[in-house]
Amino acid sequence: MDQLRRQVDEEILSVENVSVRLSGRQILREVGFEIRAGEFTGLIGSNGAGKTTLLRVILGLQAAGEGRVLVGGRPRSRRNPLIGYVPQKFLLDPDMPLRARDLVGLGLDGHKLGVGRPSRTKRALVDEMLRAVDAEDFADARVGQLSGGEQQRILIAHALIGRPRLLLADEPLANLDLRSAHEVVGLLSRISAEQGIAILISAHEMNPLLPVLDRIVYLADGRAASGTVEEVVRGDVLSELYGRRVDVLHVSGRVLVVAGTGDEDSLDDSAGRGRLEIVS
Amino acid sequence: MPGGGRGVGQVFSGFMLNAWTVATIVAVVAGLVGFFVVLRGAAFVAHAIPNGSFAGAAGASLIGVSTIVGLGVFAVVGALGIGLLGRRARSDVATALALVVMLGLGALFLSLSTAYAPEIYSLLFGEVLGVSSQQIAPTLGLAVVCVGALGAIYRPLLLSSVLGEVGEARGVSRLRVELSFLVVVALATTMTVPVVGTLLIFSLMIGSPGAARSFTSRPGRAIGLSVGISLVTVWTSIAASYATDYPVGFFVGSLSAAAYGIGRAWSVGRERRKERSAGGLAFGGAGPS
């Protein structure tokens, strides 16, 4: 842990000019940003903006057509132990004979060959991770029968047990009710602060994340703007990113990014066609 | 009943000893491989590979090679074909296509055969009571390979089956895991088909693990239980078949289905008990383990 503290200013992830084309469509255009140790970064954008593709490039599941990704200062390789990954919510078979603690254990040694012997060290580590995500109460339940928020916490523990320096989470708040979403955000923020782990979390809705975000990477049409929330979530910055006028409104503590849907350059709510579109 | 008058003592003697030995080996492998077949939702593949490999046996008898070689070649080639085609297409469609190609070849090989081979026919339903002592060694050999291979890929296979993309990000290639697993299914098929037949190996591979997962939430115990249920099914079936002269397959199929039914009933009962003990409160309680 001391070692981690000393390296707090270290650059964990550097995405440099990454462009990706998939079946003729330009998904990402010259995306670049950095993440330092212990930073909590939100990857924000509407559906189809390129968030999942960008995460897949960082994970090494998708090749970048141009540009490069450095993890811990080195070109990223497959099986990078510095990165932990929490996938987008999907349906686990409720009858599957696998307990929550088994899934967390696979985070430690699931990539190794062989059956693996149960050991006291491993059990202690799994218990520690289950505690860290407040999952002790359902540690022995079938993982497929847990609620969405509970499964999310187990997947976070699964990713954390390998002691990564960077945790990637793909839309962890999607399909969660407000309370579970709040709990997951609080949990991730606590983990980031306590263990000095950098976190990159994608979301189409930034408001639940605003209280904890150190930095934001805002994606629109495959282009990115990055910086602190104050630097990025501004009318002029986002208008340039979107290539049309958008406004950033602050409404009772929430941020709304709105744009006219017509081709007009200005907001127009007088005609039926020109209704407001809440972008994020 | 025709066989009802046989002495109980003979059930463990002579040719019957071969049947018990080979059937025991087959039951262990089917219960073990089946756990992963059910976990991966690969029941259709477990159906297609043994059925398609039947064509290989027909082809082998046509050119005068041992049918077990034909079975093995078709099972492995079919398994690899399913794995590679399933990468780009929907895997159920790829599996179906591989199956129909192999069955089509089987029809052709059978029609070219001058003599109608009862040996081929027996491959459909197996002939466990007619197992010879020469079949024990190859069956055991293939079983050791299957169990060893599953032991070697156990953790990556589990991880990849449950969290494919996460495993991929940690260097566990889904394609490599899939192909390795399919080859194990193919080898298991090759050794078991002559015993319980192409139509019935499937019931051992699905019924036992399907039942086992209802009784425990731990993967290790579910595997052990799957093997246990498979063994009881096969032993009971042989004894019943010996006593009644009804085919082994009939008992294997019915008992597998019965085990699965009991497992489901147990699951439903457990849910009810949990609801009652939780007093209607919804929280994640531990299953019986």
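**A walk through chain B**

From the N terminus on, the elements of chain B run α-α-α-α-α-α-α-α-α-α-α-α. That comes to twelve helices and zero strands, where helices (H or I, at least four residues) and strands (E, at least two) are DSSP runs numbered from the N terminus. This is a predicted model, in which local features need pLDDT of at least 70 and side-chain atom pairs count only at pLDDT 80 or more, while totals for chains, interfaces and linings use all residues. Residues are numbered from 1 along each chain as its sequence is written, and chains are lettered from A, with ligands numbered from 1, in the order in which they are written.

Let us look at the overall build. The radius of gyration of chain B is 20 Å, close to the 19 Å from the globule rule for 289 residues, so the chain is as compact as a globular protein of that length. This radius is taken over C-alpha atoms, and the rule is 2.2 Å times the number of residues to the power 0.38.

Now pick out one helix, α11(B). With 26 residues at 1.5 Å a residue, α11(B) should span 38 Å, and its end C-alpha atoms are 37 Å apart, which agrees; the expected span is 1.5 Å times one less than the number of residues. Just after α11(B), B:Asp245 takes a positive phi of about 70°.

Finally, turn to the neighbour. The contact takes 30 residues from chain B and 31 residues from chain A, two residues being in contact if their C-beta atoms, placed from the backbone, lie within 7 Å. On the side of chain B that touches chain A, α7(B) gives the most, with six residues.
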